[in-house]
Amino acid sequence: MHCRACASSFRAATPWTRARGVAWFRCPRCGQVRVEPSAVPGPEAAAARYRLHRNDPAEPGYRAFLETFVDRALAPFAAPPARVLDFGSGPAPALALLLRERGYDAEAWDPLFAPDRRALTGPFVLVAVHEVLEHVPYPYRLLSTLARKLAPGGSIAVRTRFPPERPEDFARWWYKEDPTHIGFFGPLAFEALSRRLGADLALLEAPDLAVLRFSAEPGQAGRCRAGSDDPLRDCP
Ligand SMILES: [Zn+2]
């Protein structure tokens with residue numbers, strides 16, 4: 001098996017753990033966890049599940065959740081009126097609305113709910129990948145594609161829950177219960193992704209925050225240049 005975070009190969013004859021009949025594999029080098037391929041939902045099943053997601057900006061609990069992300073992982077790396085992209089915004093553009101209230105030039109893009117690709121026009125000072133990385137099959141490819149949309153010195157701010165270290169804890173972990181959550185990243189996986197992308201890991205904060213900051217040299221962001229610009233496919 002080939003780790004989607006650190007790119008190392010490892011033997012996967014036996015799963016790391018099983019839960020509810022589903023097998024999970026864990027990279028021995030960086031700890032990235034991912035579900036067995038047969039349990040990855042197809043596009044239609046995933047879309048049906050995403051339509052059930054609730055990210056209502058008027059709901060106080062959700063708004064507080066977003067504000068924590070903005071205060072810890074976004075505002076220290078991009079000041080208003082910076083251009084910011086919320087990649088994978090979900091059913092409502094909640095984060096972009098909150099950012100506009102704070103004076104940012106914020107765009108939202110989502111393959112299902114906000115697919116107008118004009119929103120992807122950079123350069124961006126920061127791209128937010130808020131509760132998205134756990135859904136994507138090729139995280140390095142996605143981050144590399146987004147890195148090329150950054151202005152020099154720009155950042156990618158990620159929120160995704162770091163997985164438990166012990167298999168018995170993982171087997172009981174609530175965050176994996178969403179069937180569209182197919183991969184999980186902890187500190188070593190973020191370090192590996194940052195290294196491969198040529199970025200600095202500017203923030204790593206349990207339980208769920210990481211910021212990758214790219215070089216201020218123009219044209220240095222992202223190293224996966226060959227192939228298409230499709231953020232949902234892996235590097236060739
Ligand atoms: Zn790995």
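This is a predicted model: local features need pLDDT of at least 70, side-chain atom pairs count only at pLDDT 80 or more; totals for chains, interfaces and linings use all residues.

Q: In which sense do strand β4 and strand β6 pair, and over how many bridges?

A: Pairing is read from the bridges between two strands. Here β4 (residues 83–87) and β6 (residues 124–130) run in the parallel sense, with 3 bridges between them.

Q: What is the order of the strands in the open sheet?

A: One reads the order by passing from neighbour to neighbour. The 6 strands follow the order β5-β4-β6-β7-β10-β9, and the pairing is mixed. β5 (105–109) and β9 (200–205) each have a single partner strand, so at these edges one side of each lacks a neighbour in the sheet. From one strand to the next, the twist averages 15°.

Q: Which strands does α3 lie across, and which does helix α4 lie across?

A: One looks for the strands that a helix contacts, then for its direction. α3 lies across β4, β5 and β6, at about 175° to β5. Helix α4 (residues 139–147) lies across β4, β6, β7 (150–159) and β10 (209–213), and runs at about 145° to β7.

Q: At what angle do helix α2 and helix α3 pack?

A: Angle and axis separation are read together. Helix α2 (residues 60–74) and helix α3 (residues 94–101) pack at about 65°, their axes being 10 Å apart. α2 contributes Tyr-62, Leu-66 and Val-70 to the contact, and α3 contributes Ala-94, Leu-95, Leu-98 and Leu-99. The contact residues comprise 7 nonpolar, no polar and no charged.

Terms used:
Residues are numbered from 1 along each chain as its sequence is written. Axes are lines fitted to C-alpha atoms, for helices over the stretch in contact, and angles run from 0 to 180 degrees between N-to-C directions. Helices (H or I, at least four residues) and strands (E, at least two) are DSSP runs, numbered from the N terminus. Two residues are in contact if their C-beta atoms, placed from the backbone, lie within 7 Å. Ala, Val, Leu, Ile, Met, Phe, Trp, Tyr, Cys and Pro count as nonpolar, Asp, Glu, Lys and Arg as charged, and the others, Gly among them, as polar. Two strands pair if DSSP finds at least two bridges between them.
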